[in-house]
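Visitor: I would like to learn how to read salt bridges, strand pairing and side-chain contacts in a model. Please show the structure, and then we can go through it.

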Amino acid sequence: MIPVPLLVVVVGCWTAVYLTDLMLKSSGYFKHSYEGWLADNGLNISPFHIRWQTAIFNYAFYSWGQRKARLLYQWFNFGMVFGVIAMFGSFVILGKTLMMTLAQMMTDSPSSSSSSFSSFSSASSSPLSSSSSSTHSEQVLQVVVPGINIPINQLTYFFAAVLISGVVHEIGHGIAAIREQVRFNGFGIFLFIIYPGAFVDLFSTHLQLISPVQQLRIFCAGIWHNFILALMGILALVLLPIILFPFYYTGVGVLITEVAEDSPAIGLRGLFVGDLVTQLQDCPVTNVQDWNECLDTIAYESQIGYCISASTLQHLSFPVRAYKRLDGSTECCNNHSVTNVCFSYTNNFNKHLHTCLPIRKAVKATQVCRTNKDCKQGSTFCTVPSLDIHTRLIKVRHPPQIDTLYIGHPLNLHYTVSVTSFVPRFNFLSIDLPVVVETFVKYLISLSGALAIVNAVPCFALDGQWILNSFLDATLTSVIGDNDVKDLIGFFILLGGSVLLAANMTLGLWMVTAR
């Protein structure tokens, strides 16, 4: 559900802004000076919406739009082709996303920018973003709600990426419009509820007078620039180790940057910020991808065992009386023991036995195994910790400290311990800087890509509406002489796109907030 404190803060702030604006506009003393101040600064305030427009960037826009005219012509031609392909491709993406959402609703019960001819506005307020989580790895789009499926401590990344994606989107519209000789009136930024965005103000008469192909270049420029921004983000992620090479090195393990206060890995011999993890069980770890893959493998495979000789077993074991737990596992140690664990093994007579062993001595410098055949030495048995089906014993190697022995669900280790592949070359360098850069770039890729996909949808009030209208004007005018028929075709396509987008957002929002 939506966090109540967040909802109260948002509604309270907007109520205060609206009431203040209403009182100043109703005041006989402040009315004229306040309205003059709003007009001079290009500000407009309405319920849950603040808009700022300025002409101070006009010179920069005209400078960019009139430079390298031939190169810009080819650039926006590529953008036009991409925009048309993206418009039709968005139907496929939304259709697939809707089917996957419906399938998820059937199998998993929920327990756990607008634009116009005279003013383009990036759809930065759209709560859809590209999905990159493992749970939704096949789902291209996913509804995101700050404070619910975006951590509170990452909201700065989210809103910064939304704003930058929106600004780049509108810069594309503005430069393309100037390139096509459409008058540019100004650039602005808005805040809608909690979502920031941007817009450009273009002269509508000029837009209506130019050809449909010229209109297409302008209307497709926004999503084209978002696509390029996402590609640049991907390139930056790939090259990040090279960019940071003079200051950070990689490929030697993962550096722990944060351990949650409630993490099971906390303890005297647990994990600490600054530890360099090089191995999980028998799985070598050289980067974050290895860390995640090793934890996934450990979670989905059965508990690994340790080769212990018969003499060692006899020396270390305690007299035991085994009994079954409610979860089906076997216990043979004192319930209150934190140093001993019940192990099971099969002896030479194929008899299944249990023994209580001091865990650290039992797994120290021993070979890992699955069966007795993996233990090559004679009179050596593969002893496996007797744990419930979801719990694992994981030996975490982080030299020069003594190995950490973690007992719990592998996903708890994944969610409560933050790691990075970047290790500082110098002590004065922050271990958090690469994480900050990497996290922000990932948000930028996700949100800029989502803005391109969503705005390409032929839907009322989005760029896709104007892309579709211009595309039909450019392709069907000579084929269908009757404009009413052409407009009717466009209306039904827009209606279908709008319904498809609304269904995705509604069901996606329900899936997120009802959990």
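Visitor: How far apart in helix α2 are E35 and K31?

Guide: Helices (H or I, at least four residues) and strands (E, at least two) are DSSP runs, numbered from the N terminus. Helix α2 covers residues 31–40, and because E35 and K31 are 4 residues apart in this helix, about one helical turn separates them. This is a predicted model, in which local features need pLDDT of at least 70 and side-chain atom pairs count only at pLDDT 80 or more, while totals for chains, interfaces and linings use all residues. Residues are numbered from 1 along each chain as its sequence is written, and side-chain values use heavy atoms, with hydrogens and water left out.

Visitor: What do the side chains of E35 and K31 form?

Guide: A salt bridge is a side-chain nitrogen of Lys or Arg within 4 Å of a carboxyl oxygen of Asp or Glu. E35 and K31 form one, with an N to O distance of 3.0 Å. A search of the whole structure finds 7 salt bridges.

Visitor: Are E35 and K31 buried, exposed or partly exposed?

Guide: Buried means under 20% relative accessible area, exposed over 50%, and partly exposed in between (1.4 Å probe, protein chains only). E35 is partly exposed at 31%, and K31 is partly exposed at 28%.

Visitor: Which parts of the chain does the salt bridge between E301 and R370 tie together?

Guide: The side chains of E301 and R370 meet at 2.9 Å, N to O. E301 sits in the loop between α8 (288–300) and β13 (305–309), and R370 in the loop between β18 (368–369) and β19 (380–385), so the pair ties together parts that are 69 residues apart in sequence. E301 is partly exposed at 39% relative accessible area, and R370 is partly exposed at 38%.

Visitor: Which residues are linked in a network of salt bridges?

Guide: D473, K486 and D487 are linked in such a network. Within it, the side chains of K486 and D487 meet at 3.7 Å, N to O. K486 is buried, with a relative accessible area of 6%, whereas D487 is partly exposed at 45%.

Visitor: What is the strand order in the open sheet of 5 strands?

Guide: Two strands pair if DSSP finds at least two bridges between them. The order is β17-β16-β19-β13-β18, with antiparallel pairing. β17 (352–358) and β18 are the edge strands; each has a single partner strand, so one side of each is left without a neighbour in the sheet. β13 and β18 pair over 2 bridges, and G305 has C369 in β18 as its bridge partner.

Visitor: How many bridges join β6 to β2 and to β7?

Guide: Strand β2 (residues 49–54) runs antiparallel to β6 (residues 184–192), with 6 bridges between them. T54 has F187 in β6 as its bridge partner. Strand β7 (residues 195–202) is also antiparallel to β6, joined by 8 bridges. β6 and β7 form a hairpin with 2 residues between them, and I193 in the turn has a positive phi of about 60 degrees.

Visitor: Is Q281 buried or exposed, and what does its side chain reach?

Guide: Q281, in the loop between β11 (279–280) and β12 (283–284), is buried at 8% relative accessibility. A polar contact is a pair of N or O atoms within 3.5 Å; within protein, one must be able to donate a hydrogen and the other to accept it, and residues adjacent in sequence count only if both atoms are side-chain atoms. The side chain of Q281 makes one with the side chain of Y306 at 3.0 Å. A polar atom of the Q281 side chain also lies 2.5 Å from the backbone oxygen of L393.
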